[in-house]
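Here are my notes for you, written as numbered points. Please keep the structure open beside them and find each residue as you read.

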Amino acid sequence: MTELATYNFAYLDEQTKRMIRRAILKAIAIPGYQVPFASREMPMPYGWGTGGVQVTAAIIGPNDTLKVIDQGADDTTNAVSIRAFFQKVSSVRVTTKTTEATIIQTRHRIPETALQTGQTLVYQVPIPEPLRFLEPRETETRKMHALEEYGLMHVKLYEDIARHGHIATTYAYPVKVEGRYVMDPSPTPKFDNPKMHRSPALQLFGAGREKRIYAIPPYTEVVSLDFEDHPFEIQTFSEPCALCGARGSYLDEVILDDKGGSMFVCSDTDFCEDRQSEGHQGHLSANPAQADTHAAGVEK
Amino acid sequence: MRATTQIYEGGFSDTVFNSQEVFRALMDAMASPGRIIDIGSLTTAPTPISATAGAVAATLFDHDATVWCDKPITGSVPAMGWLKFHTGLEVNLNPSDAQFALISDLEAMPSLESFGKGTSEYPDRSTTIIVQIENFDGPQELTLSGPGIEVTRTFAPSRLPRMFVEQWTANRGIFPRGVDLIFAGKSALAAMPRTTRISKREA
């Protein structure tokens, strides 16, 4: 039996899509500026990526291939449920491969594999205003952006140095876009900030609860704020990925037992799996021959 | 053809997928200024509205969008009827507070200065101007640079507003305020957001 009624393609009604699309075009025209939009209630709670979902729903079409990641992983709750949502309401192709995707919706990571022209990265953003924790009033932060008054942000970074001896901000590290707007890159680790700079991919940011959309067009200057004597630095890891042996990728710590044992693995699951299938191994990789006898508690 | 037929016919054959296709073309055009993106012929609007401009209108306009149209369009009963029937647009008589402007006659186009430029606090409250042109192999080649362009890109619309380079430099000068342009050619479109810089091609 055929269904009597289904949702419109990609869930949102056409008038909502037009409203979001108009906001996206303005956001691209003014890189880093937060465009207000009439965010809708979505069939998931705020904080689960309603902004990103609305942006993806407004741009996605039948020719797209969608990848959804949560902290770099394709197989965590948020990623799985958003991917299932779009399969249900838009029947688009989905993938876990970064290179095959035309739209990648992300929560808090940028894939390790360099993005290409024609790809669109959609970020889920909780608090779009980088100055919000320094100045709670929207009227004031709006004026500060208008007047390009970002001294407060530098004071915050300076206080980090005064207290810790280095800039202690490790995620949602503020960037300046095209020499004009200071922007919150969403809570990505600062490790990912350099990937935003002159990326060939289009980057769109959706904040559902806060009702803002902003964007970075391809090949746009994105500079992390710093000081001459305390230049911006990304995180480094002392050991390689325990599963694929990668150095220079962003690692997550995974607890192995209750005796303080842990291992570090790539947060980007697709990147890690690709490397493993190419034969790279880390020190905790299960050897296929001994995999059955030697259960190290490591998820392969 | 009778005026009523002209008004009711010629819209998108599939509202959902046609508008998605045209929007993606617009998004890509805005994100890579001067790149020409083919959209085929998805609408048939009454003269003077071209098929491409009609498709852009049907994608972006609705009762929430205020639009200023130039004289040849407002003077045509079928053209205005078509826009109203297919988009439900809100017609605005003052170009400086319209969200969009639809220009069919570039010769008589008001200066960019007379359109909405937004405010310092809300630079998004500006006019996106849709100009109809014939094609993208015009005599004057512009060299574009800025966000969305890796190094430079050559862009040669068949026609440009008068004193365009000077007007655009002024528009670029008031960034983040300013207008954005969409060029609707024959079955293809291109865009120039306010961030784009022009240098005239050196001989």
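1. In chain B, 50% of the 203 residues count as buried. A residue is called buried if 20 or more other C-beta atoms lie within 10 Å of its own, exposed if 12 or fewer, and partly exposed in between, with C-beta atoms placed from the backbone. This is a predicted model, where local features need pLDDT of at least 70 and side-chain atom pairs count only at pLDDT 80 or more, while totals for chains, interfaces and linings use all residues. Residues are numbered from 1 along each chain as its sequence is written, and chains are lettered from A and ligands numbered from 1 in the order in which they are written.

2. Now for the build of chain B, which has six helices and ten strands. Helices (H or I, at least four residues) and strands (E, at least two) are DSSP runs, numbered from the N terminus. The radius of gyration of chain B is 16 Å, close to the 17 Å from the globule rule for 203 residues, so chain B is as compact as a globular protein of that length. This radius is taken over C-alpha atoms, and the rule is 2.2 Å times the number of residues to the power 0.38. The C-alpha trace of chain B spans about 50 × 35 × 30 Å along its principal axes.

3. Please look at strand S8 of chain B, residues 180-184. Why is this strand largely enclosed by the rest of the structure? Five of its five residues are buried, so the rest of the structure largely encloses S8(B). In a regular strand, side chains alternate between the two faces of the sheet. Here Asp180(B), Ile182(B) and Ala184(B) point one way, Leu181(B) and Phe183(B) point the other way, and all are buried.

4. Which strands pair with S8(B)? Two strands pair if DSSP finds at least two bridges between them. Strand S5 (residues 128-132) of chain B pairs with S8(B) in the parallel sense over five bridges, and Thr128(B) stands opposite Asp180(B) there. Strand S9 (residues 188-192) of chain B runs antiparallel to S8(B), joined by four bridges. Leu181(B) stands opposite Met192(B), and Phe183(B) has Ala190(B) as its bridge partner. S8(B) and S9(B) form a hairpin with three residues between them, and Ser187(B) in the turn has a positive phi of about 50°.

5. Follow the chain into S9(B), which is mostly covered, with four of its five residues buried. S9(B) also pairs with strand S1 (residues 37-38) of chain B, in the antiparallel sense over two bridges. In that pairing Ile37(B) stands opposite Leu189(B).

6. Not counting residues up to four places away in sequence, Leu189(B) touches residues including Ala25(B), Leu26(B), Ile37(B), Val56(B) and Phe183(B).

7. How do the two chains meet? The contact takes 30 residues from chain A and 31 residues from chain B, where contact means that C-beta atoms, placed from the backbone, lie within 7 Å. On the side of chain A, helix H1 (14-29) and helix H4 (138-146) are the elements that give two or more residues. H1(A) gives the most, with eleven residues. That side divides into 17 nonpolar, four polar and nine charged residues. Ala, Val, Leu, Ile, Met, Phe, Trp, Tyr, Cys and Pro count as nonpolar, Asp, Glu, Lys and Arg as charged, and the others, Gly among them, as polar.

8. Finally, chain A has seven helices and twelve strands, and 48% of its 300 residues count as buried. Chain A is divided into domain 1 (14-224) and domain 2 (236-300), with bounds that come from an automatic or database domain assignment. The domain centres, taken over C-alpha atoms, are separated by 29 Å. Between them, 14 residues of domain 1 are in contact with seven residues of domain 2.

Conventions
Two residues are in contact if their C-beta atoms, placed from the backbone, lie within 7 Å.
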